[in-house]
Amino acid sequence: MRARIYLPPKSAMQSGLARTHRWVLEYEPEHKKIRDPLMGWTGSDDMRQQILLSFETQEAAIAYAEAQGIPYDLEISPARTCKPKAYADNFRVDRKENWTH
């Protein structure tokens, strides 16, 4: 019963950074998934895969895991960098590349 603690990445379907500032504790699967031979569905009898706990800080998530005796892996993602862009930059005179339609 190992868990991983991480900051969730931004979804590809969202433009903002909502729901990416809370740390998540998620259990790793103990058993592999089972494939139903008749319907082709996949399933598992591991109920801990459905548990997702969120915390305000990394320290709170670590404290919870240590208090419950849960071994954990801490995944620290690289810092996000935001390169500011402006629509007017597409039409600047000193552009490096040619502008094409």
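Biologist: What should I know before I start reading?

Modeller: This is a predicted model, so local features need pLDDT of at least 70 and side-chain atom pairs count only at pLDDT 80 or more, while totals for chains, interfaces and linings use all residues. Residues are numbered from 1 along each chain as its sequence is written, and side-chain values use heavy atoms, with hydrogens and water left out.

Biologist: How many salt bridges does the structure hold?

Modeller: A salt bridge is a side-chain nitrogen of Lys or Arg within 4 Å of a carboxyl oxygen of Asp or Glu. By that rule, there are 7 salt bridges here. Take Arg-4 and Glu-75: their closest N and O atoms are 2.9 Å apart. Arg-4 belongs to strand S1 (residues 3-6) and Glu-75 to strand S6 (residues 72-75), so this pair ties together parts that are 71 residues apart in sequence. Strands (E, at least two residues) and helices (H or I, at least four) are DSSP runs, numbered from the N terminus.

Biologist: Which residues are linked with Arg-4 in a network of salt bridges?

Modeller: Glu-26 and Glu-75 join Arg-4 in that network.

Biologist: Is Arg-4 buried, partly exposed or exposed?

Modeller: Buried means under 20% relative accessible area, exposed means over 50%, and partly exposed is in between (1.4 Å probe, protein chains only). Arg-4 has 24%, so the residue is partly exposed. Glu-75, at 36%, is partly exposed as well.

Biologist: How far apart are the closest N and O atoms of Glu-56 and Arg-22?

Modeller: They are 2.1 Å apart, and the two residues form a salt bridge. Glu-56 is in the loop between strand S5 (52-55) and helix H1 (58-68), Arg-22 is in the loop between S1 and strand S2 (23-27), and the pair links distant parts of the chain, 34 residues apart. Glu-56 is exposed at 56%, while Arg-22 is partly exposed at 33%.

Biologist: What does Arg-48 do?

Modeller: Arg-48 forms a salt bridge with Glu-30, with 3.3 Å between the closest N and O atoms. Arg-48 also lies over the face of Tyr-27, at 5.9 Å from the ring centre. Its relative accessible area is 32%, so Arg-48 is partly exposed.

Biologist: How do I read aromatic pairs?

Modeller: A pair of aromatic rings is described by the distance of the centres and the angle of the planes. Rings of Phe, Tyr and Trp (its six-membered ring) pair if their centres lie within 6.5 Å; planes under 30 degrees apart are stacked, over 60 edge-to-face, and the rest tilted. The whole structure has 2 aromatic pairs. Phe-55 and Tyr-64 are tilted, at 5.5 Å centre to centre and 40° between the planes. Phe-55 is buried at 14%, whereas Tyr-64 is partly exposed at 30%. Tyr-87 and Phe-91 are edge-to-face, at 5.4 Å and 70°.

Biologist: Which residues does Thr-20 touch?

Modeller: Contact means heavy atoms within 4.5 Å. Leaving out residues up to four places away in sequence, Thr-20 touches Leu-7, Pro-8, Pro-9, Lys-10, Gln-14 and Arg-80. Thr-20 is in the loop between S1 and S2, and at 1% relative accessibility this residue counts as buried.

Methods
Lys NZ or Arg CZ within 6 Å of the ring centre and 35° of its normal.
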